[in-house]
Amino acid sequence: MNILVVGGAGYIGSHIVKQLTDSNHNVIVLDNLQTGHAEAVTKPATFIKGNVKDKSLLRKIFTETSFDVVFHFAANSSVEESMKDPLLYFDNNVSGLIALLEIMNEFAVKTIIFSSTAAVYGDTPEEVITEDTVTIPKNPYGESKRMMEQIIQWCHTAYNINYVVLRYFNVAGADLAGIIGEDHRPETHLIPIVLQVPLEKREFITIFGNDYDTKDGTTVRDYVHVVDLATAHLLAMDYLLEGKESTIFNIGSSTGFSTLEIINKVEEYTGKKIPIRYGSRREGDPHSLIASSKKIEAVLGWKPHYTDLDAIIDSAWKWHINHPDGYENDC
Ligand code: UFG
């Protein structure tokens, strides 16, 4: 199959590219390397450096290859940054998707797998979130993704573009072969930040708020292994290509861990003390996000293999210890 992966040089996209190439698909990656790394694109995928908003480049790419499926990962994804610079999020995320859909429609490419987020839900009183939970994003990042989902749904109605929207909860870990992993600059995600202490790159962790209405006062998140997440994308692709109905799935592990529990787990795993300080709440943070993954399990038969935190921490640790400065040849 010919597959275009937009944003395939980023942390999550690169893990999907690897599974697609391991399954012998012909993969073309388009990425502007704003946050991605060319080195993260595993061979034999073809890498093209460019912006998804560049419609003449998209036309050239779509003219050269007749695509069966498009995967979209090209988005800014930091909650904190989006609170400070919402226009960046609406511009890059939303207008990038519009350009892509326009060209897909022009070339009659009718299948898209879209990377969305639990951030579309915002603060919800529901302990476990289903796909029917109301979406009231608490930050511009989540809002941009909700808008993108809606744009895709209208394109389905108007142009018959079929979609699967995957709403990820907190993705962590690294591919088990150890050649790709997480490398954000600067890093803002909890697990890689906590690992920086035993890696001697950081002296302590600041916990953003300990007065939330949760089990220990710190925020609660549902962590899913990036390899399990990648598997879900391949299942979603097969599902759409079988002509099944366009839809939305949550992807999580259905278990919530508090920020404090993550720190304790990393201490236990590495045997190193992780000093903590309590800081104020980070703007835009929901108190708790836990997925119900019942729908994706029932419809796609997806089941996470790496359900405990140790497996996530173990793969992330191996990646960081073997790549202390992340990818070497680019930034
Ligand atoms: N946290 C700290 N200290 C840190 C870093 C993080 O206390 O130094 C806390 C955050 O406040 C948050 C939790 O750890 O409550 C997890 O933070 P991350 O930055 O790792 O992840 P987020 O939950 O903010 O966001 C991530 C992705 C989003 C996605 C969301 C879905 O970055 O793209 O998960 O749940 F939308």
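1. Basis. The structure is a predicted model, in which local features need pLDDT of at least 70 and side-chain atom pairs count only at pLDDT 80 or more, while totals for chains, interfaces and linings use all residues. Residues are numbered from 1 along each chain as its sequence is written, and side-chain values use heavy atoms, with hydrogens and water left out.

2. Domains. The protein chain is assigned domain 1 (2-172 + 223-251) and domain 2 (190-221 + 254-322); the bounds come from an automatic or database domain assignment. Taken over C-alpha atoms, the centres of the two domains are 24 Å apart. Domain 1 puts 33 residues into the contact and domain 2 puts in 30 residues, where contact means heavy atoms within 4.5 Å.

3. Buried area. About 2800 Å² is buried between domain 1 and domain 2, and 66% of it is on carbon and sulfur atoms. Buried area here is the accessible area (1.4 Å probe) that two parts lose on being put together, summed over both. On the domain 1 side, Tyr 223, His 225 and Asp 228 supply 26% of the area buried against domain 2, more than any other three residues.

4. Polar links between the domains. Zero salt bridges are counted between domain 1 and domain 2; a salt bridge is a side-chain nitrogen of Lys or Arg within 4 Å of a carboxyl oxygen of Asp or Glu. Twelve residue pairs, both at pLDDT 80 or more, are in polar contact between the domains. A polar contact is a pair of N or O atoms within 3.5 Å; within protein, one must be able to donate a hydrogen and the other to accept it, and residues adjacent in sequence count only if both atoms are side-chain atoms.

5. Ligand. The ligand is surrounded by 22 residues, the closest being Thr 117, Asn 170, Thr 219, Arg 282 and Asp 285; a residue counts if one of its heavy atoms lies within 4 Å. Oxygen atoms of the ligand lie 2.7 Å from a polar side-chain atom of Arg 221, 2.8 Å from a side-chain N or O atom of His 189 and 3.3 Å from a backbone N or O atom of Thr 188.

6. Salt bridges. The whole structure holds 21 salt bridges. In one of them, the side chains of Asp 175 and Lys 18 meet at 3.4 Å, N to O.
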